[in-house]
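Hi everyone, thanks for making time for this.

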Amino acid sequence: VIGAVPLARRNLTRQRLRFALSAAGVGLALLLILALEAIYGGVLSQVTAYPDHAGAPVIVSQRGVETMHMSSSSLPMATVRRVRRDPDVRRAAPILYAPIVLNGRAPVFSYLIGFRRGGGPWEMVKGRARPPRDGIVIDQIAAGKLGVGIGDRLLIAGRRLRITGLARGTFSIISSVSFIDYSTFERLEGTAGSASYVLVWPRRGDSPEALASHLEAAYPVTAQTSGGFSGHERDVVSGMSTELIEGLVSIGFVVGVIVAGLSIYTATVARLREYAVLKAIGMRNRSLYGTILRQAMLTVGTGLLVALALLGLLSVAIGQIEPSISMLLTSGVLLKSTLATTAIGAVAALLPARRVAGVEPASAYRS
Amino acid sequence: VPLARRQLLREPLKLTLALLGVTVSVALVGLLFGLREGIGRQTTTYPDHAGADVYVGSGGTRNFLSASSSSLPVSLAPRLRRVPGVTEAEPLTAWFDVVPMHGMKVVVEHIGYEPGRLGGPWSMLEGRPPARANEVAIDRVMSDQHGLGIGDRMELQGRSLRVVGLTDQTASWMAPIVFTTRETAAAAWGRPRAATFFLVRSKNGVPPGVLRNRLAKDFPRLSVLSRDQIAHDDRVLMASSFDSTLLVMVLTALGVGAVVIGITVYGFVSERRREFGTLKAMGARNHRLYRLVSLQALAIALTGLAGGIVVQRLTGHAIEALSPKFLFVYLPSHLELMVAAAFAMAMLGAIAPVRVLARLDPAEVFRR
């Protein structure tokens, strides 16, 4: 009979407000973990926007330079010409690159790309994708933060450039991407006679991996597939942030254990008389522990659902308030959170277990 | 009868858990603010210590963080030195770089300065500042973290550099500072005749503000910034990347603390419905009962606040000891924010139990 009664569920749902508070508490603690991981996931996906969308299967850079984020690369034009003339290369487009700060209502970090044929913006919201001399294409979110629009001017390296286009998909919490004409870049930054990177397309049917290996062997350059380049970009961001993210996630885990432990303990202690009755009619301690463990799992499981719902709401709210933050929840993070939830539930269930074990069956008959 | 205190102390484990929950939440809020300030300080390490009063860059430049987008001819130096009030004007080539190290990618802030002149390392722990091409002085925390010592070699932009010195006060969570000669830096940057900034020092008796204005007037097409301006703009830029995430974390921690208080005080109220019902039946007004639960919530919040401040400091010190690249800086305003957070947790946490009390029927005491 005892086994047929869903004690854990009934214990929890009898006092709905308490259960709601417990689930909300666990949900918020898990949200600390999930939100952080989702923001971090968003950053990792956005930081590779340029290599992912520039369209070139192979990216060539100065020897020893494997990234764009917080990096600098310089290739002599003679090397660029040799790469372009290589029989395995179908097309090669040099680009110039510098990390800059766009200044307006608020400052915005940006990768400034100077391009001629290839490597420009991939999705336009307004205006032209190809900026004229003294023109610039910036991201639409960056424009919002700067408080500028088409036709306005931005001061870059001493020259006022007119905004001639607004792009999409070129903004992240770390940096945006802005585009100017190649020769304008040369004039602004004094980089005539060099390129920062070369975007390279292999001949039809040839593999990007083989071309990258060939170029690296034949010329004094570093050549990578765009996927490899993106992987290195992610490594840079991970290397900078992993310890910080792990530290905050650990705090979220501790908070989760405390909140779940508190709520399970409170719910259990409130039912000590009922547990005494169950013991008096023959229920074993082990079965009682099982009930408490189920209670804990139900609470943290509901907490996880609450956290996911809150994450969805947060994602929508952040999209409205701070569009630079994009949240990406990966299956790995979900799995990690589910494991964390299970661990939190198991630890939380231990707290009231001793109290229940010490309950005397006779206490059920005392007033 | 001290009802609030007695109820709180009757369940020590529950009270301990509640205090732990609030303590951790408050500590998290404090740590996040401390970390934000620490990141801000680390961001401006170079302008704060380099000894220059004024920074001259390309027109439109406002940040040292974006140094590599500023490009000026080295030949500008004599013209700057001729401006009255200038005692030193030295070219500097600076940018961020990614250094491959045992399979990791480490971001560094690469400073190329003229040996023996303004802009070099300000505190040497061991060895000497770089004086020749292909020599490098690295931050001591970076040296510990990556097992690099004097005489070792590190790769920078495809060049092999020999470590000749370890510097102090140059650590950073984001990018530790490494120093080379300007010649080495400019060659790696691919612009041997260009500098990213000129560092200018004023003569004794010439206020830096006056010198800045004088330089701005003489070089209207360039960006002339005081040390405080460039440091301020860098902090604003860095904060713009972090603040939204920080706000999400702080609000969530606040919510957790409020829920912890809510669960605890709600537990006290719901387990003693009969007692509260008796008090109501004896004529106790609702507002007195509300005060009782609010006091309980406040007591938990304030004790949690005290614990949170202690945990915040201890955790901050522990993190700094284990990973010295992190810096936590606590300001009086952070304490104010933590007090405000604790009060907010108490008030939000009291809502659920107050609702229960408001609906409590005095007749309940006579049932059963």
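Let me begin with a single side chain. B:Arg182 is buried, with a relative accessible area of 6%. Before I go on, please keep in mind that this is a predicted model.

So which residue does B:Arg182 meet in a salt bridge? The partner is B:Glu114, and the N to O distance is 3.0 Å. B:Glu114 sits in the loop between β4 and β5 of chain B, while B:Arg182 belongs to helix α6 of chain B, so the pair links parts of the chain that are 68 residues apart.

Six of the eight residues of α6(B) are buried, which makes the helix mostly covered. Those buried residues are B:Arg182, B:Thr184, B:Ala185, B:Ala186, B:Ala188 and B:Trp189. What do they pack against? Within chain B, their neighbours are β3, β4, β8 (159–167), β9 (177–181) and β10 (194–195), and from the other chain they meet β1 of chain A. Just past the end of α6(B), you'll find B:Gly190 with a positive phi of about 85 degrees.

Let's step back to chain B as a whole. Chain B contains 11 helices and 12 strands. Its radius of gyration is 29 Å, well over the 21 Å that the globule rule gives for 368 residues, so chain B is more spread out than a compact globule. If you follow the C-alpha trace along its principal axes, it spans about 95 × 45 × 30 Å. Of the 368 residues in chain B, 58% are buried. And if you take contacts in chain B between residues at least 6 apart in sequence, 80% of them join residues at least 24 apart.

Next, the interface. How many residues of chain B are in contact with chain A? The count is 66 residues of chain B, touching 67 residues of chain A. As a bit of background, the size of an interface is often given as the accessible area lost when the parts come together. Here the area buried between chain B and chain A is about 5,600 Å², and carbon and sulfur atoms give 69% of that. Three residues, B:Leu17, B:Lys105 and B:Ile263, supply 12% of the area that chain B buries against chain A, more than any other three residues.

Across the interface of chain B and chain A, one salt bridge is found, and it pairs B:Lys105 with A:Glu66, the closest N and O atoms being 2.3 Å apart. A:Glu66 lies in the loop between β1 (58–62) and β2 (75–76) of chain A and B:Lys105 in strand β4 of chain B, so the pair joins two chains. B:Lys105 counts as buried at 9% relative accessibility, while A:Glu66, at 24%, counts as partly exposed.

The elements of chain B that give two or more residues to its side are α2 (12–43), β3 (86–101), β4 (104–113), α6 (182–189), α8 (227–271) and α11 (332–359). The largest share, 21 residues, comes from α8(B). By type, the residues on that side divide into 31 nonpolar, 25 polar and 10 charged.

One last stop before questions. The whole structure has 16 salt bridges over all chains. In chain B, B:Arg128, B:Arg132, B:Glu135 and B:Arg162 are linked in a network of salt bridges.

That's my tour, and I'm happy to go back to any part of it.

Notes
Residues numbered from 1 in each chain as written. Chains lettered and ligands numbered in written order. Predicted model: local features only at pLDDT ≥ 70, side-chain atom pairs only at ≥ 80, totals over all residues. Heavy atoms only, no water. Contact = heavy atoms within 4.5 Å. Buried area = accessible area lost by both parts, 1.4 Å probe. Salt bridge = Lys/Arg side-chain N within 4 Å of Asp/Glu carboxyl O. Helix = DSSP H or I, 4+ residues; strand = E, 2+ residues; numbered from the N terminus. Nonpolar A, V, L, I, M, F, W, Y, C, P; charged D, E, K, R; others polar. Rg over C-alpha atoms; globule rule 2.2 N^0.38 Å. Buried < 20%, exposed > 50% of the residue type's maximum accessible area, 1.4 Å probe, protein only.
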